[in-house]
Amino acid sequence: MKALLQRVKKSQVTVEGKIISRIDQGYNILLGVAKEDSEKDADILAEKIVNLRVMSDEKDKMNKSILESYGSILVVSQFTLMADPTSGRRPSFIKAAGAEAAKALYEYFVGKLKSLGIADVQKGEFGAYMDVEIVNDGPVTIMLDTRELKN
């Protein structure tokens, strides 16, 4: 499971011209689910994200977690994070989980963030064509991969 975490001043998702979710200060997370991912991967990733100290403190240093700063999280499903561009000119998405399994883990991940204490967790529309607006804060952008976090 991969997550591209971006610290944001605000972010929103629009589908067919209608804003379906919006947050202010917090994280925009683009989430990719691989075929072999499980709820354990989602647990590892969610725990890491809610405790990662990349939110600013009173001195503008990255010393607070999203929990400590009472920030919001917007999670957007992004199967293209599983792209394999190593061969040819068109990336392969063979490593990405199928829609049914990916959606189940996406929903599980969102629920896990809530259960870990994030009061405001918003989401995109799984499988839809979305316009995602992100106003980066910093910018702070971190790639997380459960394959690396397990080590």
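Reader: Where is Pro139 placed, and why is that stretch called a strand?

Author: Pro139 sits in strand β8, residues 131-145. Strands are DSSP runs of E with at least two residues, while helices are runs of H or I with at least four, and both are numbered from the N terminus. This is a predicted model, in which local features need pLDDT of at least 70 and side-chain atom pairs count only at pLDDT 80 or more, while totals for chains, interfaces and linings use all residues. Residues are numbered from 1 along each chain as its sequence is written, and side-chain values use heavy atoms, with hydrogens and water left out.

Reader: What joins Gly138 and Pro139?

Author: The link is a cis peptide bond, with omega about -5°. Most peptide bonds are trans, and most residues other than glycine have a negative phi.

Reader: What makes Glu16 and Tyr70 worth a look?

Author: Glu16 is not a glycine, yet its phi is positive, about 50°. Tyr70 also has a positive phi, near 55°. Glu16 belongs to the loop between β1 (2-15) and β2 (18-23), and Tyr70 to the loop between α2 (66-69) and β6 (72-77).

Reader: How do you know that the span of helix α1 agrees with its 13 residues?

Author: The expected span is 1.5 Å times one less than the number of residues. For α1, residues 39-51, that gives 18 Å, and the end C-alpha atoms are 18 Å apart, so the two agree.

Reader: Which residues of α1 are buried?

Author: They are Asp41, Ala42, Leu45, Ala46, Ile49 and Val50. They cover an arc of only 145° around the axis (taken from the directions from the axis to the C-beta atoms), so they are on the same side of α1.

Reader: What does α1 meet in α3?

Author: Residues of α1, including Leu45 and Ile49, meet Leu105, Tyr108, Phe109, Lys112 and Leu113 in α3. By class, this contact has 9 nonpolar, no polar and 4 charged residues. Here Ala, Val, Leu, Ile, Met, Phe, Trp, Tyr, Cys and Pro count as nonpolar, Asp, Glu, Lys and Arg as charged, and the others, Gly among them, as polar.

Terms used
Buried means under 20% relative accessible area, exposed over 50%, partly exposed in between (1.4 Å probe, protein chains only). Contact means heavy atoms within 4.5 Å.
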